[in-house]
Amino acid sequence: MKAQNLRQHLLLDYEALKVQLARRLGSVDRADDALHDAWLRLDNAAPAEPVRSPFLYLLRTAYRLALKRRLKERERVTLDDVRTALSLADDAPDPERVAMARSDIEAVRGALAELSPRRRHILLAARVEGRMLRNIAEQLGLSQRMVELELKAAVLHCGRRLEKKIVQRFGPKALKSSDNEDCCHE
């Protein structure tokens, strides 16, 4: 039977084929997709020998195509499938953490605004931009030691304003708190 004759049978028996396929596949949409795939396949794979029952041939062809499609869909893994499988926690911060972060940002802005322009420049250049202190000193025409002192004063000031304890990991012994206050005033 030629593809043209099978196409005519598919058109004439479309609703009956769809009902049968929907029962077997559990979905009208899948049945529609399978019949569409069968329609497209008729051009490329018309049977060589005569077909006794075009209805059963089309039903069997569409059903097999639906099964192949379902297997292909199972092989595809979406990002949601991976997340579900791995039970990944959502890393997005909750509203409370967002509010706290915004508050911290405002506090940092306020602390930076209280610094002299030179101290602010040194702090941002050293800690945000990651520039070396000797390069900052050369740019500003200062000694490296003066840049170190200004940086220390800026960090201590910001730490106090943010109510954070500043841990000194290296360098000379930390100043007493009364000396510390004198160091940080501009």
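A: Of the contacts in the chain between residues at least 6 apart in sequence, 62% join residues at least 24 apart; contact here means heavy atoms within 4.5 Å. The model is a predicted one, in which local features need pLDDT of at least 70 and side-chain atom pairs count only at pLDDT 80 or more, while totals for chains, interfaces and linings use all residues. Residues are numbered from 1 along each chain as its sequence is written, and side-chain values use heavy atoms, with hydrogens and water left out.

The chain contains 10 helices and zero strands; helices (H or I, at least four residues) and strands (E, at least two) are DSSP runs, numbered from the N terminus. Among the 186 residues of the chain, 25% count as buried, a term for residues under 20% relative accessible area, with exposed for those over 50% and partly exposed for those in between (1.4 Å probe, protein chains only). The accessible surface of the chain is about 13700 Å², and carbon and sulfur atoms account for 53% of that surface; such areas come from the Shrake-Rupley method with a 1.4 Å probe, and for residues only the protein chains shown count as cover.

A nonpolar core is a set of buried Ala, Val, Leu, Ile, Met, Phe, Trp, Tyr and Cys residues joined through side-chain atoms within 4.5 Å. The largest one has 19 residues, of which Leu10, Leu17, Leu21, Ala34, Leu35, Leu58 and Ala62 touch the most other members. At least two residues of this core come from each of helix 1 (3-12), helix 2, helix 3 and helix 4 (54-75). Helix 4 gives the largest share, six residues. Apart from this core lies another, of 13 residues, including Leu112, Ile136, Ala137 and Leu151.

Leu17 lies in helix 2 and counts as buried because its relative accessible area is 0%. Leaving aside neighbours within four places in sequence, Leu17 is in contact with Leu10, Leu35, Phe55, Leu58 and Leu59. Leu17 and Ala62 are 45 residues apart in sequence, yet their C-alpha atoms are 8.9 Å apart in space. The other member, Leu21, touches Gly26, Ala31, Ala34, Leu35, Leu59, Ala62 and Tyr63, with residues up to four places away in sequence not counted.

The buried residues of helix 4 are Pro54, Tyr57, Leu58, Leu59, Thr61, Ala62, Leu65 and Ala66, and they pack against helix 1, helix 2 and helix 3. An α-helix has 3.6 residues a turn, so residues three or four places apart point the same way.

Beyond four places in sequence, Asp37 is in contact with Leu65 and Arg69.

Between helix 2 (14-25) and helix 3 (28-44) runs a loop that holds Ser27. Ser27 counts as buried because its relative accessibility is 19%. A polar atom of the Ser27 side chain lies 3.2 Å from the backbone nitrogen of Arg30. A polar contact is a pair of N or O atoms within 3.5 Å; within protein, one must be able to donate a hydrogen and the other to accept it, and residues adjacent in sequence count only if both atoms are side-chain atoms.

The mean pLDDT of the chain is 82, and 81% of the residues score at least 70; pLDDT is the predictor's confidence in each residue, from 0 to 100. Among the elements of the chain, helix 8 (residues 133-140) has the highest mean pLDDT (95) and helix 10 the lowest (46). Over residues 177-186 the pLDDT stays under 50, and the model has 16 contacts beyond four places in sequence for this stretch.
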